[in-house]
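This report concerns a single protein chain and the way its parts are arranged. Please keep the sequence and the structure in view while reading.

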Amino acid sequence: MVVSLRVPSLGSLFAPSKLFSPQIIRQNRCQPLRRRVPYAAFSAHSAASSPPETEDRVDGNKTRAKPDQVITPRSQDFNAWYLDVIANAELADYGPVRGTMVIRPYGYAIWEAIQDYLNVKFKETGHSNMYFPQFIPYSFLEKEASHVEGFSPELAVVTIGGGKELEEKLVVRPTSETIVNHMFTQWIHSYRDLPLLVNQWANVTRWEMRTKLFLRTLEFLWQEGHTAHATPEEAEKEALQMIDVYTKFAYEQAAIPVIAGRKSNIERFAGALKTYTIEGMMGDRKALQAGTSHNLGQNFSRAFETQFTDENGQRQHVWQTSWAISTRFVGGIIMTHGDDAGLMLPPKIAPTQVVIVPIWKKEEERVGVLSAASSVKEVLQSAGIKVKLDDSDQRTPGWKFNFWEMKVFILKFPTMFLLKKVLVPSLN
């Protein structure tokens with residue numbers, strides 16, 4: 001007989017306010033969740049039948065192709081450790097085109113958690129989601145001199161479409177400032193049309209020669225916000241507001257301490273007046289640029305003649321911003337929290353926070369055990385916990401424990417004992 005559980009009593013123990021205290025995260029006391037899975041070599045290398053140790057075809061580092069190899073210690077080779085963690089946790093894989101990345105379900109779930117938080121914050125600050133085309137006329141980039149100069153080495157250019165040579169070559173979106181301005185010019189006529197605040201979730205292509213999964217790939221995912229304002233003060237306020245949104249996200253969701261600041265003139269975004277960034281210190285003691293916000297001034301509005309009639313009837317160029325955070329942040333989470341045992345994730349970012357592994361000795365006990373496990377799952381979900389009931393028949397409980405090995409980050413001994421009585425019940 002399955003030991004009974006007073007399910008309602010778990011509700012208070014798993015109250016979101018107790019689990020996810022921003023103060024705890026800011027003090028960096030949040031114990032990340034761990035996901036360790038058996039080693040699986042990157043499929044691109046496996047398909048190519050690579051020898052046990054070959055030159056990596058993407059970033060030039062050694063690739064480990066032995067199926068049972070443990071994770072390389074960080075102190076031994078941080079780059080190798082990073083790639084091992086991604087492979088073990090099944091976060092991403094190499095695509096068939098050099099430098100491209102396939103984001104696997106668990107890795108994409110981390111990105112979805114980032115999207116879920118930021119989408120709410122963007123809408124709270126008055127921004128609306130929309131979408132701009134991926135193909136941009138090359139002439140658009142040429143309108144802003146520093147912009148085309150900054151991006152020219154990374155452009156992917158289309159010259160043939162439908163079997164015919166195009167009259168004007170197209171650029172596969174490296175960023176959207178130019179096409180955004182083209183559309184803003186058509187939409188903005190009066191001060192009453194301002195501010196215009198939009199954001200898009202999209203992919204971009206930058207032809208990088210040296211790439212690394214999540215951190216720098218030929219194609220990656222991001223959000224890019226674009227705004228137009230009537231005054232320079234409004235644009236500056238917007239740029240600072242959005243870097244603050246990114247800073248709070250890094251601290252309160254990703255548990256990554258970052259420093260927000262302004263880039264030097266040499267490092268600022270091509271075509272920007274000012275570039276603000278958040279930088280985090282990774283496990284290899286190197287800084288990672290994790291998010292940027294640009295005050296574009298009137299550089300693009302002058303190039304595209306994006307103007308409005310002010311309250312005095314005078315024609316003025318708009319003042320603009322753009323800001324973005326990308327799948328690079330997933331790499332930052334890996335490098336900040338992971339250790340020699342593998343991937344560790346902050347609780348709010350983790351796709352799975354609790355895994356229930358039911359155990360029964362006899363087939364007739366199966367229904368009772370699964371019923372109790374399902375009850376626990378329902379209570380945890382009602383408390384805002386992301387929980388998975390692993391009731392599959394293909395693997396043994398021991399294999400599942402190894403696969404889902406993790407640290408439960410705030411539960412005290414009495415709660416753990418209570419869960420154990422349900423998940424590993426005493427049976428007559």
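## Helices, sheet and pocket

In this predicted model, helix α9 (residues 177–187) lies across β10, β11, β14 and β17 and runs at about 35° to β11. Helix α6 lies across β6, β10, β11 and β17, and its direction is at about 165° to β10.

The strands named here belong to an open sheet of 7 strands with mixed pairing, in the order β6-β10-β11-β17-β14-β13-β12. At the edges stand β6 (128–129) and β12 (258–262); each has a single partner strand, so one side of each is left without a neighbour in the sheet. Strands β13 and β14 run antiparallel and are joined by 8 bridges. Glu279 stands opposite Gln289 in β14.

Helix α6 (residues 105–124) also meets helix α12 (residues 328–337): their axes come within 10 Å and cross at roughly 110°. The two helices are therefore roughly perpendicular. Ile110, Trp111 and Ile114 of α6 make the contact with Phe329, Val330 and Ile333 of α12. This contact of α6 with α12 has 6 nonpolar, no polar and no charged residues.

The largest pocket has a volume of about 780 Å³. Its lining comprises 35 residues, and Arg206, Arg216, Gln289, Thr292 and Arg328 lie nearest the centre. Among the elements that each supply at least two lining residues are α8 (145–151) and β11 (219–229), while β14 gives the most, with 7 residues. The lining divides by class as follows.

| Class in the pocket lining | Number |
|---|---|
| Nonpolar | 13 residues |
| Polar | 11 residues |

Methods:
Residues numbered from 1 in each chain as written. Predicted model: local features only at pLDDT ≥ 70, side-chain atom pairs only at ≥ 80, totals over all residues. Heavy atoms only, no water. Axes fitted to C-alpha atoms, helices over the stretch in contact; angles between N-to-C directions. Helix = DSSP H or I, 4+ residues; strand = E, 2+ residues; numbered from the N terminus. Parallel < 35°, antiparallel > 145°, perpendicular 65-115°, else oblique. Contact = heavy atoms within 4.5 Å. Nonpolar A, V, L, I, M, F, W, Y, C, P; charged D, E, K, R; others polar. 1 Å grid on protein atoms, 1.4 Å probe; cavity = no way out; pocket = protein on both sides within 12 Å on 5 of 7 lines; lining within 4 Å. Points joined across faces, edges and corners; volume = space filled by probe spheres on them. Pairing = 2+ DSSP bridges.
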